Each structure stands twice: as C-alpha cells, then as structure tokens.
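Open the model in your viewer and keep the selection tool at hand. The stops below say what to select and what is there.

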Amino acid sequence: MIRSFGLVLLMSVPLLGITAEEIVTNVERNLQSDSGYSKITMSVTTARGERTMKMESWNRGNEKSFIKILYPPQDSGITFLKIGTTMWQYVPKIEKTIKIPASMMMQSWMGSDFTNDDMAKESSIVDDYTPRLSGEDPQKYILTLTPKAEAAVVWGKIVMEVAKEHFVPLRAHYYDEEGKSRRILYYSDVKVIQNRHLPTLMTLIPSDRKNNKTVVRMDEVDFEAPIDDSRFTKSALVRYSR
C-alpha cells in the first residue's frame, strides 16, 4: 500500500527550470524501492465506528508485493499476493486461496477506503501519467497528472502537491473520468529513513462518504531488506500465513 512502500539517493535538481517530469521522478525515487519491508498500522473510520489493523508488507518494486495481516485476531494470518496486476488472497479460517476477479477490483480492501485495485496495480506516476506543472508557491509545486493512453488506470486526473524541499508529496486529489472529485490523500509526519524523506502517515478521505477516513502509519520501514524470491509465489500465501 501500501500502496507502497534498493536505496537511491535523490538527485540534485536546480530549482530554476525544473520540469514536471523531473519532479515526479524525484517523488517516486523518494517513495519506492527495488526491495522493501514495512510494518503498518491502518485505522479505518466509518459511520459505524473505528477499527484498526496491523500488517507486514514486502515488495519488489511495483511488480510484486506480499501482505500479511497480524491484527485483529479474527483476521490474523490472512495473506495477499500481488504479481503484476493480478492479486490473490488466502483466508486461513476457510483454508482457501481466492483470486480477486476483475469485477471486484473497485471494492473496498479489508473494509478500508482503499480498493483492491489500489493494492493490485500500485500505479507508477512516472510510467502511467503525463505530468504538467500547473502552479507553485515558495513552498510547493502543484502538478496535474493525466493518464497516458496505454495506461490501465482508473483515475481521470490526479492533482498533486509536492514540497520543494526534498520532493516530498503533500497531497494528492483524485478525480474520475468525468472530472468528479473522488478522494484526497494527505501525506504527513516526514522522517528520514535510509537517506529518504518518507511521509510515514497517510490519510485517505473519500469525497462521497463524509464520515469515512483511512489512516495508514508506517511503523517500521527497511528499504534494504533482503527478501527471498519464495515470498512472491502462490504457495507462500499458505506457508507464510502461519
């Protein structure tokens, strides 16, 4: 998620004449890694109340990820595997591996405001969107991202605010293909982790559900974690659920 989440030092870019492409490249280099591990707490607030989940996550770039739910007890051991744009889920209570069908990709992931599509695709803003520098002030850049013709993404437009210092994302406003606001993702609590300036708190607020929000906190992050290839196999869903 998470979305997501080797070590690359940020390039030094002159502030005068910087392009939108250079900004998003620096943002993505700050957030992503070739191989990473994290411990995450997710808090979901709805009109019915609040629930908290804890999980571990492993990733290989954007292409492969593995998530294991640790808490609450009734969900402990549920695992998710993503390879490319395909995702599977293993539910220990029924001892069954389920492939998430295309018809369910826009449904809520584990009751949160994130969708299965968010977890499966983890789009690259460099590869999937064309950026335009649509504004700036002394502290931040404002970018408008529109999907490339060949990109398999669901958003019609993303308006992103990026801090000029360290190229840290501040806010991302998501719109559908009709131009309607769907959700806003806020980034905060920036920490320096292995030479990266990483927002460790993300708050997702849907536009059509006023009482809802999902808060993701990165409790532990390792951008250099060694990960065995066996983690990203269907058999790992059962093996690592225990």
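Start with the largest pocket of this predicted model. Select Met 106, Asp 113, Thr 115, Arg 182 and Arg 209, which lie nearest the centre of the pocket. They belong to a lining of 18 residues. Sorted by class, that lining has six charged, seven polar and five nonpolar residues. The volume of the pocket is about 350 Å³.

Next, select Ser 112. Ser 112 sits in the loop that runs between β6 (96-99) and α2 (116-121). Is Ser 112 buried or exposed? Its relative accessibility is 5%, so Ser 112 counts as buried. Leaving out residues up to four places away in sequence, show what Ser 112 touches: Met 42, Val 44 and Thr 214.

Keep Met 42 selected and move to the largest nonpolar core. Met 42 is among the residues with the most contacts inside this core, together with Ile 23, Met 55, Ile 69, Phe 80, Trp 109 and Leu 145. The core has 45 residues. Which helix gives the largest share of this core? Select helix α1, residues 20-31: four residues of the core come from there. In soluble globular proteins, nonpolar side chains tend to be buried together.

From Phe 232, go to Arg 60, which touches Phe 232. Arg 60 belongs to strand β2, residues 49-60. With a relative accessibility of 24%, Arg 60 counts as partly exposed. Beyond Phe 232, Arg 60 also touches Asp 34, Ser 35, Ile 227, Asp 228 and Asp 229, again leaving out residues up to four places away in sequence. Two of these partners deserve a distance label. For Ser 35, draw the line from C-alpha to C-alpha: the gap to Arg 60 is 4.6 Å in space, although the two are 25 residues apart in sequence. For Asp 229, show the side chains: Arg 60 and Asp 229 make a polar contact through them, at 2.8 Å.

Now look at the backbone. Select Tyr 71 and Pro 72, whose connecting peptide bond is cis, with omega near 10 degrees. Pro 72 is in the loop between β3 (64-71) and β4 (79-83).

Two further backbone stops concern phi. Asp 189 is not a glycine, yet its phi is positive, about 50 degrees. Asp 189 is placed in strand β11, residues 181-193, and counts as partly exposed at 32% relative accessibility. Then select Gln 194, in the loop between β11 and β12 (196-206). Gln 194 is likewise a residue other than glycine with a positive phi, near 50 degrees. At 26% relative accessibility, Gln 194 counts as partly exposed.

The last stop is Glu 161, in strand β9, residues 157-163. Why does Glu 161 count as buried? Its relative accessible area is 18%, and buried means under 20%. Setting aside residues up to four places away in sequence, display the residues that Glu 161 touches: Lys 140, Tyr 141, Ile 142, Val 168, Pro 169, Leu 170 and Arg 171.

Methods
Residues are numbered from 1 along each chain as its sequence is written. This is a predicted model: local features need pLDDT of at least 70, side-chain atom pairs count only at pLDDT 80 or more; totals for chains, interfaces and linings use all residues. Side-chain values use heavy atoms; hydrogens and water are left out. A nonpolar core is a set of buried Ala, Val, Leu, Ile, Met, Phe, Trp, Tyr and Cys residues joined through side-chain atoms within 4.5 Å. Buried means under 20% relative accessible area, exposed over 50%, partly exposed in between (1.4 Å probe, protein chains only). Helices (H or I, at least four residues) and strands (E, at least two) are DSSP runs, numbered from the N terminus. Contact means heavy atoms within 4.5 Å. On a 1 Å grid over the protein atoms alone, a cavity is a set of points where a 1.4 Å probe fits but cannot get out, and a pocket is an open set with protein on both sides within 12 Å along at least five of seven lines; lining residues have an atom within 4 Å of a point. Grid points are joined across faces, edges and corners, and a volume is the space filled by probe spheres set on the points. Ala, Val, Leu, Ile, Met, Phe, Trp, Tyr, Cys and Pro count as nonpolar, Asp, Glu, Lys and Arg as charged, and the others, Gly among them, as polar. A polar contact is a pair of N or O atoms within 3.5 Å; within protein, one must be able to donate a hydrogen and the other to accept it, and residues adjacent in sequence count only if both atoms are side-chain atoms.
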